[in-house]
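Dear colleague,

I am handing over the structure below, and I would be grateful if you could read it alongside the notes that follow.

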Amino acid sequence: MAVNQALFDATIRHAVFLEQLKAGEVAKFGPFLKEIDRTIRNQLTQADLTDYNQRRLQRLLDEVDSLLLAIFQRYSDQLMLDLIDIAMYEAQFEASSLTRAAPVGITFDAAVPGVAAVRAAVLSSPLSVRGTDGGKLLKAFIKGWTNAERERVAGAIRQGFFEGQTNFQVIRNIRGTAAAGYRDGILATTNRNAATVARTAIQHVAAQARMETIKANPDVVREVEMVATLDSKTSQTCRSMDKRRFPVNSGPRPPFHPNCRTTFVPVTDWSEMFSEGATRAAIGDNGAGQVAASLSYYSWLKRQPAAFQDQALGPTRGKLFREGGLTLERFSELQLDRNFRPLTLEQMKGLEPLAFERAGI
Ligand SMILES: [Zn+2]
């Protein structure tokens with residue numbers, strides 16, 4: 001079985017489009033953040049915290065929290081609506097790209113799963129993200145984030161009260177300072193986290209919806225092949241995931257971590273192999289360009305200068321990559337455990353002590 005060039009190209013073009021869509025979704029949090037900011041300032045400028053007793057503090061905290069809860073709820077509702085729309089769009093995209101990829105002479109019309117099936121897949125498949133958010137369902141993932149943000153704001157107010165801070169100081173801790181462009185406040189963290197949640201949720205929804213279409217066409221697709229981004233920002237997990245294949249009904253799917261950009265392409269049993277000269281996009285030391293489609297992440301990285309390799313891998317892994325005497329396959333395997341969680345250098349050393357010795361690490 002081979003990856004079909006037309007499918008590959010359509011998938012990559014679509015991944016670029018999806019990144020733009022993520023940026024649009026991220027921007028939608030802006031007005032909500034302003035509202036959160038305004039609400040907190042309104043509440044905190046009504047009376048001086050230093051005059052408060054514990055009971056009055058608790059009333060203030062409850063009031064602020066219920067207002068924030070309502071704002072986050074409205075944002076989450078809007079995000080969920082958008083996510084379901086994106087899911088339907090993705091399921092449809094996968095069907096049309098499968099249909100278009102059929103070789104000349106084969107009449108094939110890909111099946112499209114129904115709205116209920118796509119919705120169920122998106123909502124009831126856990127996120128593949130490794131780490132603290134691993135295995136969560138979409139709604140719990142979003143809810144967990146909004147809870148954490150509300151707690152952070154409440155914590156800043158409570159701490160301010162117990163440390164005898166003025167309202168001005170508490171507000172400054174939450175909003176940040178103009179001098180630092182408000183990047184030093186709690187709300188800057190909220191904003192960054194909102195972007196991560198939106199991006200990660202979209203990646204999850206797109207993957208699950210596309211898989212629903214792929215599963216609806218079992219005669220044509222039996223495997224999916226992971227496609228990571230070829231640049232220096234790709235994560236340890238995704239560098240090793242690149243070009244790995246999994247059966248349609250098992251194995252992990254992106255996002256493998258928050259802000260993951262990895263996608264996948266269906267492997268069809270249509271015999272049309274990658275044509276001579278097929279390419280994939282990469283951003284290497286010489287900037288953006290096209291490289292042979294057959295290159296995996298590490299075979300591409302091997303052609304980059306040492307400084308670029310170090311930028312992508314970090315200096316120690318870079319040295320191991322160049323001087324450890326490991327094959328690219330072994331180096332790639334060595335990065336992840338059986339559950340595709342990234343291994344630390346210490347854990348890698350336990351598995352390949354000789355390679356570390358050869359590289360002088
Ligand atoms: Zn990734």
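Predicted model: local features only at pLDDT ≥ 70, side-chain atom pairs only at ≥ 80, totals over all residues.

H14 counts as partly exposed, because 18 C-beta neighbours lie inside 10 Å of it; on this scale a residue is buried if 20 or more other C-beta atoms, placed from the backbone, lie within 10 Å of its own, exposed if 12 or fewer, and partly exposed in between. H14 has its place in helix α1, where helices (H or I, at least four residues) and strands (E, at least two) are DSSP runs numbered from the N terminus.

Residues are numbered from 1 along each chain as its sequence is written.

Leaving out residues up to four places away in sequence, I202 touches L18, L21, K22, E25, L83 and I86, a contact being a pair of residues whose C-beta atoms, placed from the backbone, lie within 7 Å. I202 and I84 are 118 residues apart in sequence, yet their C-alpha atoms are 9.5 Å apart in space.

Turning to the core, the largest nonpolar core holds 74 residues, of which L83, A87, V122, A201, V205 and A209 touch the most other members; such a core is a set of buried Ala, Val, Leu, Ile, Met, Phe, Trp, Tyr and Cys residues joined through C-beta atoms within 7 Å. Helix α3 (residues 54-101) gives the most to this core, with 13 residues, and the core draws at least three residues from each of domain 1 (2-241) and domain 2 (280-359), the bounds of which come from an automatic or database domain assignment. For A87, the contacts beyond four places in sequence are V118, R119, V122, V205 and A209.

As for the strands, 5 of the 7 residues of β2 (residues 221-227) are buried, so this strand is largely enclosed by the rest of the structure. Strand β2 runs antiparallel to β4 (residues 263-268), to which 6 bridges join it, and V221 stands opposite T268 in β4; two strands are taken to pair if DSSP finds at least two bridges between them. Strand β2 also pairs with β3 (residues 245-247) in the antiparallel sense over 3 bridges, with V224 opposite F246. Elsewhere, β5 (residues 279-284) and β6 (residues 287-292) pair in the antiparallel sense over 6 bridges, forming a hairpin with 2 residues between the strands, and the bridge partner of R280 in β6 is V291.

Finally, the C-alpha centres of domain 1 and domain 2 lie 30 Å apart, and 12 residues of domain 1 are in contact with 18 residues of domain 2. On the side of domain 1 that touches domain 2, the elements giving two or more residues are α1 (5-27) and α8 (236-241), and α8 gives the most, with 4 residues. The residues of that side divide into 4 nonpolar, 5 polar and 3 charged, where Ala, Val, Leu, Ile, Met, Phe, Trp, Tyr, Cys and Pro count as nonpolar, Asp, Glu, Lys and Arg as charged, and the others, Gly among them, as polar.

With best regards

Terms used
Contact = placed C-beta atoms within 7 Å.
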